[in-house]
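Work through the exercises below with the model open. Try each task before reading its solution.

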Amino acid sequence: MPDSEGNVQGYAPTPVRTVGKLSLPNVETGANGAAAPFTAPPGGLLVVYFGFVSCPDVCPVSMGDLAAGLKEMGPAADKVEVAFVSVDIERDTPEMLNQYLSYYFGEGNYRALRANDAYQLNGVTYEFGAQWNVEAHEPGDRTYVVSHTGVTFVVNDKGQLVWAYPWGTSAPDIAATLNELLAKQQS
Amino acid sequence: MKETTIGAAQRGATKKFNAKAIAVVLVSVLALGAIAAGCSSSSSSDGGSAGSIKVTNVLARSSAAAQGNGAVYFTVANSATLPDLLVSASVSDTIAKTTEIHETKQAGGMMSMSPVKSVLIPANGTVEFAPGGNHVMLIDLVSPLEVGKTFDMKLGFLNAGVVTVKAKVVAE
């Protein structure tokens, strides 16, 4: 979708990938959360981000810009849900994920997704085309480096991956992109 | 105050007339002049300067309590005809337990971050420490960074010496 300067922010993955059949435990209500499928509510969108709580640079900026973009959308943002998928299941506890996501999106306005193990997480990131890596470390070492995809994904109510926008997309561009995708969904 | 130990470059910055350190970067009258000027540093509400180095627009993103870490962004301008190196960064241990200079790199759509020993500030050049690139990482924040909060940060340059700046926490 073009931004104010006419630059395209993001792309529609082709061929269309269906991720709605995938799910991960939603720990929003605690450690033994029910599996939440990667599908938006009817007529809505699901914004999916792969990151980790202690990330100091990329994740906070992406989450802050997304939160600002949703604010800019006004009431239309009610149709958009945010799913944060932890790629650091060793350090990210359900409590930390909830505190972190409440900070950006308000209590209850998100899905805090945390796989039970790396195998389960890989099953999801493979289908999205997202990459992540946890640096090899000794047990108990808490200072390891985590790398991950900077892209943010958008899923529609049919569970189709309809858009991916790059790291650095501004809040107004996020709002414009989501509004356009919402309009497409309803037509 | 607690400074990160990052090897010879930083030791050189602390002992400003350490001959080895000067040899590492530049041996010239101009460099010595810059070191001398570095002894008189100034700080203002957002930026500061020492010798030929000027640091402006010092901002930190607000952070959620669970995050535990933070990042500080700023602009460094070097008006000297010789390059300089940012070799150290520190904040009070009432702000964060450890401070490191970091670089975020993007390769194949994947973002990864790693500590670096130094960042080159080219002669007559400007380097942006910005999201997705270089930044000063605050590790183990004592309390979350709240919008409007300010705190002092010391940046050590090999030639120009120490610049003390005031970082301001912003929402985005």
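Two strands pair if DSSP finds at least two bridges between them. Helices (H or I, at least four residues) and strands (E, at least two) are DSSP runs, numbered from the N terminus.

The model is predicted: local features need pLDDT of at least 70, side-chain atom pairs count only at pLDDT 80 or more, and totals for chains, interfaces and linings use all residues. Residues are numbered from 1 along each chain as its sequence is written, and chains are lettered from A and ligands numbered from 1 in the order in which they are written.

**Exercise 1. Strand S4 of chain B**

Task: find the strands that pair with S4(B), and say how many bridges join S3(B) to S4(B).

Solution. 
- Step 1. Locate the strand: S4(B) spans residues 70-78.
- Step 2. Take S3(B). Six bridges link it to S4(B), and the two run antiparallel. Ile53(B) has Asn78(B) in S4(B) as its bridge partner.
- Step 3. Take strand S10 of chain B, residues 134-141. Its pairing with S4(B) is antiparallel, over three bridges. Here Met137(B) in S10(B) stands opposite Ala71(B).
- Step 4. Take strand S9 of chain B, residues 125-129. It pairs with S4(B) in the antiparallel sense over five bridges. Opposite Ala77(B) stands Thr126(B) in S9(B).
- Step 5. Check burial. A residue is buried if 20 or more other C-beta atoms lie within 10 Å of its own, exposed if 12 or fewer, and partly exposed in between, with C-beta atoms placed from the backbone. Seven of the nine residues of S4(B) are buried, so the strand is largely enclosed by the rest of the structure.

**Exercise 2. Strand S5 of chain B**

Task: explain why S5(B) is largely enclosed by the rest of the structure. Then list pairings of S5(B).

Solution. 
- Step 1. S5(B) covers residues 84-91. Eight of its eight residues are buried, so the strand is largely enclosed.
- Step 2. Strand S8 of chain B, residues 119-121, pairs with S5(B) over three bridges in the antiparallel sense. Val119(B) in S8(B) is opposite Leu86(B).
- Step 3. Strand S11 of chain B, residues 150-157, runs antiparallel to S5(B) and is joined to it by five bridges. Leu155(B) in S11(B) is the bridge partner of Ala89(B).

**Exercise 3. Val58 of chain B**

Task: is Val58(B) buried or exposed? Which residues beyond four places in sequence does Val58(B) contact?

Solution. 
- Step 1. Count neighbours. Val58(B) has 27 C-beta neighbours inside 10 Å, so it counts as buried.
- Step 2. Apply the contact rule: two residues are in contact if their C-beta atoms, placed from the backbone, lie within 7 Å. Leaving aside neighbours within four places in sequence, the contacts of Val58(B) include Asp46(B), Val72(B), Phe74(B), Met153(B) and Val165(B).
- Step 3. Compare chain and space. Tyr73(B) is 15 residues from Val58(B) along the chain, with 5.7 Å between their C-alpha atoms.

**Exercise 4. Chain totals**

Task: how many helices and strands does chain B have? What are the helix and strand counts of chain A?

Solution. 
- Step 1. Chain B has three helices and twelve strands. Of its 172 residues, 41% count as buried.
- Step 2. Chain A has four helices and ten strands. Of its 187 residues, 46% are buried.
- Step 3. In chain A, 69% of the contacts with a separation of 6 or more are between residues 24 or more positions apart.
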